[in-house]
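Student: Can we go through this model together? I would like to start with one residue and its contacts.

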Amino acid sequence: MVYDAVGKDTFPASLDCLSPRGMFVSFGNSSGPIAAFDILLLSQKGSLYVTRPTLVTYTATRAAMLAMAAEMFELVKAGKIVSEARQTYPLKDAAQAHRDLEARKTTGSTLLLP
């Protein structure tokens, strides 16, 4: 499986990373959208799957959203999901934190500290 948030620039190489029957998950397009492609490419590279999920689809009902949230928080509590802030900003610098996020100067989680 390949999870790709970049899009246009990484699409061909991402498909090349997959084993037969592998899945390509496109969830972003920071380099631009993936252009139309010949669907036969998926069979030529080994019966590949491609999907473009959206959070809105998976959380279409309140019950589904609450179930997913409960599962995620249980995994965090169990230590199976660990998220560490990669950068922190004093709360007084929130505007700079937003500028840095918009300018793609950050990676991972960002915390604003009181």
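**Contacts and core**

Tutor: Leaving aside neighbours within four places in sequence, F24 is in contact (heavy atoms within 4.5 Å) with V2, D4, F11, S14, L15, L18, I34, Y49, V50 and T51. This is a predicted model: local features need pLDDT of at least 70, side-chain atom pairs count only at pLDDT 80 or more, and totals for chains, interfaces and linings use all residues. Residues are numbered from 1 along each chain as its sequence is written, and side-chain values use heavy atoms, with hydrogens and water left out.

Student: Which residues make up the largest nonpolar core?

Tutor: Seven residues: V2, F11, L15, L18, F24, L42 and L48. A nonpolar core is a set of buried Ala, Val, Leu, Ile, Met, Phe, Trp, Tyr and Cys residues joined through side-chain atoms within 4.5 Å, where buried means under 20% relative accessible area with a 1.4 Å probe, protein chains only.

Student: What does the side chain of D4 make a polar contact with?

Tutor: The side chain of S14, at 3.0 Å. A polar contact is a pair of N or O atoms within 3.5 Å; within protein, one must be able to donate a hydrogen and the other to accept it, and residues adjacent in sequence count only if both atoms are side-chain atoms.

Student: And S26, why does that count as buried?

Tutor: Because S26 has 6% relative accessibility. Its side chain makes a polar contact with the side chain of R52 at 2.9 Å.

Conventions: Buried < 20%, exposed > 50% of the residue type's maximum accessible area, 1.4 Å probe, protein only.
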